[in-house]
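Please find below a short note on the structure shown here.

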Amino acid sequence: MLNKSDVQADKKEAVVIKKYANRRLYNTETSTYVTLDDLAQMVRNDKDFVVYDAKSGDDLTHAVLTQIIVEQESREGGQTLLPIPFLRQLIRFYDDNIGTMVPSYLQFSLENLVKEQEKFRSMFASAFANPAAAFEAYQDQARKNMAMFEQAMAMWTSFGGAAKQGKIPDAAAQPSSAGAEAPKGEIDELKAQLTVMQERIDRLAKDRE
């Protein structure tokens, strides 16, 4: 997992995009106005950027990246990556306790896909000659991904049980005071648990490499 200094270093290298009230996007590196298509191309070229509101300074990166995806998915005749059943299930997760696990799972799966992309390209090429074998290979990789994540979930479950008994590891424990409000304490505890789980998922992925 990236530590604070790594995150700060990444932000320093990222291009700063300013978004104005008229919705125009300004690239401070090139001193030019850009479009969402331009930003999408920057992503494809592995050029990181962050988007800030020109007036308030609020970080709008997540919202802008989401907007890019929506536009890509909505293009008539274009390629779509998000099937309807997936979108429906994703919406359901917003009101489900397991929703807190979805970002880690999706990131975990995509990072594994990136590592295995050459293998998948080879599978795709062979699919025309032997569709059954290619489909079985896809299924096998999906099973491996699920088994890996289930291991992470098992560690999370055992950790959650220890947390309920007041046995949270010192590295994850948050300082508390007798006068702290219960909701805030619960939120801090949840953040600590999610942090430890993310670290364990990262270690598990590295062990599998």
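1. The face of H3 turned away from its buried side carries the exposed residues His-62 and Ser-74. Exposed means over 50% relative accessible area, buried under 20% and partly exposed in between, with a 1.4 Å probe and protein chains only. Helices (H or I, at least four residues) and strands (E, at least two) are DSSP runs, numbered from the N terminus.

2. This is a predicted model, in which local features need pLDDT of at least 70 and side-chain atom pairs count only at pLDDT 80 or more, while totals for chains, interfaces and linings use all residues. Residues are numbered from 1 along each chain as its sequence is written, and side-chain values use heavy atoms, with hydrogens and water left out.

3. Which residues of H3 are buried? They are Thr-61, Val-64 and Ile-68. Seen down the axis of H3, these buried residues fall within an arc of 70° (taken from the directions from the helix axis to the C-beta atoms), so they line one face of the helix. In general, an α-helix has 3.6 residues a turn, so residues three or four places apart point the same way.

4. Helix H2 (36–44) and strand S4 (49–53) are among what covers the buried residues of H3, contact meaning heavy atoms within 4.5 Å.

5. Four strands form an open sheet of mixed pairing, in the order S3-S2-S1-S4; two strands pair if DSSP finds at least two bridges between them. The edge strands, S3 (32–34) and S4, each pair on one side only.

6. S4 pairs with strand S1 (residues 15–19) in the parallel sense over five bridges. Val-16 stands opposite Val-50 in S4.
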